[in-house]
Amino acid sequence: MNRDAVLIIGAGLMGSGIASRAALAGHKTVLYDIDDARTQSGKQSALDCIEELLLHELVSYSDAERARHLIDTESNLENACESAEYVIEAIIEDLGVKQELFAKLDELLPPEVLLLSNTSGLRITDIAGKMKNYPERALTAHFWFPGHLVPLVEVVIGEKSDPKHADTIKELLLLWGKAPVIVKRDLPGQLANRILQSVIREAVSIVEIGLCDAEDVDTAIKMGMGIRLPVWGPLEHVDAVGLDLCRNVQATVLADICAEKHPSKLFDEKVASGDLGAKSGRGFYDWSVKSMPNLADKRNRFIIEALKFHKAEEKADKYN
């Protein structure tokens, strides 16, 4: 059998989104999970992702139609591996479970098949820790949620990974219409999560010290830095205003910014009281009066408009 398929292990929200992008790029795509009900549900989610992209004219009708027929399902891992050219794992964020899976894949698959984890926080070095044959083929490929919309994929080189494989995956993902970045060291949080967690840490600290409430923190980020970040990165901002000015601002501000190495006590208090966020009905907000589905829909619509803008800019750059 030819090895010409992308095998996605895990048919949940992330796996189905990734499967839609693989199929849209023209790959035979096998969506694997532990039973047929999960794989069929995941396939339907992947088809819904394709439909959303088509509805907003982010993909062509012909590409969408082709992609619909390229997604297959499988609930037997050995069978799923038979045609795999690339494997992307998107299962539960549990180190032991991922280690066992990668060790089994290492036994089942020839060395040229690259094994990628969609882990959002675990180190690929640790995930590949029980691979006995070819640990150099294991890397992280962290797709950001929603995987069919957000372009970023962090490709992380583990301590035993062959760096040339990162270049191979980056080129592959560029063909998928993604925006891959190569992370050269295997540190907790990879790249973008390290930045996000520093923002969350300061945002929680601001609420905790009473500087302002949660809604004003979110408004300040969404209507200030956040609205320009899609085209104006923080280091571009530094170069725009001048390193001398930024250095002077840091000299004034950094000493008073939260540098806590442990989760906020405010987190501990809310978790202890059962205020876990939208899933429990209350976190920093009261979700009995605020709708998470509505907010998620607004998020997706904003991302879609940003993608349309970038697509138009790429087209303009091409002809200028």
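Author: Let's start with burial: a residue is called buried under 20% relative accessible area, exposed over 50%, and partly exposed in between (1.4 Å probe, protein chains only). Before we use that, note that this is a predicted model, where local features need pLDDT of at least 70, side-chain atom pairs count only at pLDDT 80 or more, and totals for chains, interfaces and linings use all residues. Residues are numbered from 1 along each chain as its sequence is written, and side-chain values use heavy atoms, with hydrogens and water left out.

Reader: OK, let me try one. Is Leu-245 buried, exposed or partly exposed?

Author: Leu-245 has a relative accessible area of 43%, so it is partly exposed. You'll find Leu-245 in helix H11. Helices (H or I, at least four residues) and strands (E, at least two) are DSSP runs, numbered from the N terminus.

Reader: Which nonpolar residues form a patch on the surface?

Author: First, the rule: patches are made of residues with over 30% relative accessible area and no salt bridge, joining like charges within 9 Å and nonpolar side chains (Val, Leu, Ile, Met, Phe, Trp, Tyr) within 5 Å. The areas come from the Shrake-Rupley method with a 1.4 Å probe, and for residues only the protein chains shown count as cover. Here, the nonpolar patch is made of Val-241, Leu-245, Val-249, Val-253, Leu-254 and Ile-257, with about 450 Å² of accessible area together. Helix H11 (residues 243-253) supplies the largest share, three residues.

Reader: On to the strands, then. In what order do the eight strands of the open sheet come?

Author: The general idea is that strands of a sheet pair through backbone hydrogen bonds, either parallel or antiparallel. Two strands count as paired if DSSP finds at least two bridges between them. In this model the order is E3-E2-E1-E4-E5-E6-E7-E8, with mixed pairing. Strand E3 (71-74) and strand E8 (179-183) are the edges, each pairing on one side only. On average, neighbouring strands are turned by 25° against each other, direction ignored; for such angles, axes are lines fitted to C-alpha atoms (for helices over the stretch in contact), and values run from 0 to 180 degrees between N-to-C directions.

Reader: What lies across E2 and E3?

Author: That's helix H2 (residues 36-55), which runs at about 165° to E3.

Reader: How many residues of strand E6 are buried?

Author: Six of the six in E6 (residues 138-143), so the strand is largely enclosed by the rest of the structure. In a regular strand the side chains alternate between the two faces of the sheet. In E6, Ala-138, Thr-140 and His-142 point one way, while Leu-139, Ala-141 and Phe-143 point the other. Strand E5 (residues 114-117) pairs with E6 in the parallel sense over three bridges, Ser-117 having Thr-140 as its bridge partner. With strand E7 (residues 152-157), E6 pairs in the antiparallel sense over five bridges, and there Ala-141 stands opposite Val-155.

Reader: Where is Pro-146 found?

Author: In the loop between E6 and E7. The peptide bond from Phe-145 to Pro-146 is cis, with omega near -5°.

Reader: Last one: how many salt bridges are there?

Author: A salt bridge here is a side-chain nitrogen of Lys or Arg within 4 Å of a carboxyl oxygen of Asp or Glu, and the count comes to 16. One of them links Asp-297 and Arg-301, with the closest N and O atoms 3.0 Å apart. Both residues lie in helix H13 (residues 292-319), four residues apart, about one turn of the helix. Asp-297 is partly exposed at 42%, and Arg-301 is partly exposed at 45%. Elsewhere, salt bridges that share partners join Glu-51, Glu-65 and Arg-68 into one network.

Technical notes
Contact means heavy atoms within 4.5 Å.
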